[in-house]
Amino acid sequence: MPELDDELMERYQKGDENAFTLLVRRHQQPLVNFIARFINDRDSAEDLAQETFIRIFKAANRYKSEGAHFKTWMYHIASNLCKNELRNRGRHDRYRVDNVVNTGSDSDGDTEEIDLIASAPANPDFQPEIALERKELRNAIQQAISELPEQYRLPLVLRDLQGLSYDEISEVLELRSGTTKSRINRARLMLKEKLKPFI
């Protein structure tokens, strides 16, 4: 049975550096995905994820497992860094388009990236016109998410893209449960409205 994050943090607090490495490996990719979706910038997401782990590393001695769970604490730190990043940019999001798709996780938890141009002739699923339609839809969804007001975007990304529970999101955002559910519902309605031309 894999060790719980809280147990790994306790081990790290007692001097086991490998425990912290395991935490980073376990959460790095989901955290980068969360940040990329929230700030709409994959390049900066790597840096902000690294900064999140640096903050966790520096504050590790103050972590108490009976408080917030590790995952909610991590996302709380990351969401604050994302908000700072957006403020520092003056809310001018950059948007990057590339010719690489991520196929998701395999049984080992690794992700495989496929270059659409290089693989198009060999793989009918990635023929240029199909790939272009998928990319346009993906870009439209990402753009629509990035245009949501922050108070709705953050809970939506945490729930629908990161899979956190309503209680965990309430903890991360320091909101009442009803407010969290209401904001997620409102965000979904706003997103549906923005994506009408594509549906």
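Predicted model: local features only at pLDDT ≥ 70, side-chain atom pairs only at ≥ 80, totals over all residues.
Of the 199 residues in the protein chain, 39% are buried, while the chain as a whole exposes about 11900 Å², of which carbon and sulfur atoms supply 48%. Among contacts in the protein chain with a separation of 6 or more, 58% are between residues 24 or more positions apart.

In soluble globular proteins, nonpolar side chains tend to be buried together. In this model, the largest nonpolar core comprises 49 residues, and the residues with the most contacts inside it are Leu 31, Phe 34, Ile 35, Ile 56 and Leu 158. Two or more residues of this core come from each of α1 (5–13), α2 (17–39), α3 (42–59), α4, α6 (128–147), α7, α8 and α9, with α2 giving the most, namely 11 residues. When neighbours within four places in sequence are left aside, Ile 56 is in contact with Met 9, Phe 20, Phe 70, Trp 73, Met 74 and Ile 77.

Helix α8, which spans residues 166–173, has Glu 168, Ile 169, Ser 170, Val 172 and Leu 173 as buried residues, and the buried residues of α8 pack against α4 (70–88), α7 (150–161) and α9 (177–194). Following α8 is Glu 174, for which phi is positive, near 55 degrees.

Conventions. Residues numbered from 1 in each chain as written. Heavy atoms only, no water. Buried < 20%, exposed > 50% of the residue type's maximum accessible area, 1.4 Å probe, protein only. Helix = DSSP H or I, 4+ residues; strand = E, 2+ residues; numbered from the N terminus. Contact = heavy atoms within 4.5 Å. Areas by Shrake-Rupley, 256 points an atom, 1.4 Å probe, with all protein chains shown as cover. Core = buried A, V, L, I, M, F, W, Y, C linked by side-chain atoms within 4.5 Å.
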